[in-house]
Amino acid sequence: MSYCNIHIELLLIIGVSLLAATENPPHIIYIVADDLGWNDISWHDSSMITPNLQNIADESVILENFYVQSLCSPTRSSLMTGYYPSNIGSQHKVIDPNRPHGLPLGLTTLPEKLKETGYISYAVGKWHLGFCNKDYLPTSRGFDKFFGIYGGCHYYYNHSSSEHGTYKPGLYSGIDLHEESSNGIFKLKGAEYDGVYTSNLYRKKIAEYIAEHDPRKPMFFYVALQQTHSPVMVESEWSNLYPNVPDLVRRNYSGQVTLMDTMVGEVVNKLKEMEMYEDSLIIFHSDNGGDVKTYASNWPLRGDKGTYFEGGIKAIALIHGKGIRKTGYVNKGLFHVSDMFPTLIESVAGGQIADEQKISGSLYTKHNMTRKFNNPETCNPSKCLNFIHCNAHIYLNYVEIPAPEPNGTDIYLFNLDADPYEEVNIAASHPIIVKQLMDKLDKYRKTAWTFFPPADPACNPVNFEGFWSPGWC
Ligand SMILES: [Ca+2]
């Protein structure tokens, strides 16, 4: 299935490409969960308490073969630009707060493109696409307002993170909570914020942005939730909903899932209150698979966040609302997050993407493939300084082949129709398919590059009133 087929199929699902020229395009509510496990949703595991998402799902199209990258920044880079991350230097690892890089400047982002057709854009939550220079910030990349964090995660109560996130302490640490608008960029600290669980701040701000929006203009709202990313911290009212879960971390993680679900319900209710719901298209998906270190569950899929087995790159996903022709079913078509950009621009917003962009060697050239830079069994992500030297992952008619490092020997080939949980490696018995896919992979390697500079001590938040801030690249 080529890019065109993927795009056309997604377009058919949405079915809004035939909007009359006089009809206003819908509001687009794009909700991204962080590290949500494949099995951590009620339609896969009925013990998970996600009634709001279930209600939406019952009236939506569940995309059961929706693929993303295995980590946060690569998926979000692809979503915001329509490129494969490997073609825009964003494939490698994530955008670390101590490295002077970001989503490469000069690329037209989704909100910038939507602005051409009249959209007003808001973002609440996690950015994780660079901040070392003001030019990388959300309001410099097309959003009209932003409230949230620049990095990949932070502690929910004191809003701090280290250069290594919250996994382990780093030499540099600081507060990561900001608001941006036409009035400026603001570091958020004080009684209104200190000690307040971050998601509660988001809940308030999401409602505020929707209430302030002029409903006569199309709205693009990027709701980038921190749930269910580490640290596994949640107020007890949520974890107490799972009294039968014996493990404390899993109980807290489950509470995060239900808080996430509640926030989605609050978005829906606010849209209804403002009489915008009937004119809204809602998209929900995770940015990568669940992280088993935080007790997420991707069962029965193999692998998890950071791997290129199904558990790392197959995301919970649905699409709901205005323009959907047929709802209440599971679609098993093969999609990649990069398909969202052209679909939303052309089919939903009524905008245009230049033909030369569609047919260029890198931009918007879609295939059923997802590249990978590491293999959990052979490659430590922290040592993968260039994904080309690590592993890749390619799909062809539902057969996948994670290819090895150039000097490696491990090749996996799975028939996902017969073996969806990747239990039997059939590479040795299918050399022709392996050769075909390796040749294809080599072709794509030639279009890849990496933007992953070394850490720069100029990032130190002590230089910026204790905040992770722009101004050092
Ligand atoms: Ca993530």
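Entry 1. H27 belongs to strand β1 (residues 27-33), which pairs with β11 in the parallel sense over seven bridges. I count two strands as paired if DSSP finds at least two bridges between them. Helices (H or I, at least four residues) and strands (E, at least two) are DSSP runs, numbered from the N terminus.

Entry 2. I noted the ground rules. This is a predicted model, so I took local features only at pLDDT of at least 70 and side-chain atom pairs only at pLDDT 80 or more, while totals for chains, interfaces and linings use all residues. Residues are numbered from 1 along each chain as its sequence is written.

Entry 3. I then looked up the whole chain. I found 11 helices and 18 strands. Of the 473 residues, 53% count as buried, meaning that 20 or more other C-beta atoms lie within 10 Å of the residue's own; exposed means 12 or fewer, partly exposed in between, with C-beta atoms placed from the backbone. I also checked contacts, which are residue pairs with C-beta atoms, placed from the backbone, within 7 Å. Among contacts with a separation of 6 or more, 68% join residues 24 or more positions apart.

Entry 4. Which order do the 10 strands of the open sheet follow? I read β9-β8-β5-β4-β10-β1-β11-β13-β2-β14, with mixed pairing. At the edges stand β9 and β14 (329-331), each pairing on one side only. Neighbouring strands are turned by 15° against each other on average, direction ignored. Axes are lines fitted to C-alpha atoms, for helices over the stretch in contact, and angles run from 0 to 180 degrees between N-to-C directions.

Entry 5. Helix α7 (residues 248-273) lies across β1, β10 (219-224) and β11. I read its angle to β1 as about 170°.

Entry 6. I followed β8 (residues 178-181) to β9 (residues 184-187): they are antiparallel over four bridges. The two form a hairpin with two residues between them. E180 has I185 of β9 as its bridge partner.

Entry 7. I looked up an open sheet of three strands, ordered β12-β3-β15, again with mixed pairing. Here β12 (314-315) and β15 (335-336) each have a single partner strand, so one side of each lacks a neighbour in the sheet. Strand β3 (residues 66-67) runs antiparallel to β12, with two bridges. F66 has A315 as its bridge partner in β12.

Entry 8. Last, I checked W299, in the loop between β11 (280-286) and α8 (310-313). W299 is partly exposed, because 16 other C-beta atoms lie within 10 Å. Its C-alpha atom is separated by 7.8 Å from that of G311, 12 residues apart along the chain.

Note on methods. Contact = placed C-beta atoms within 7 Å.
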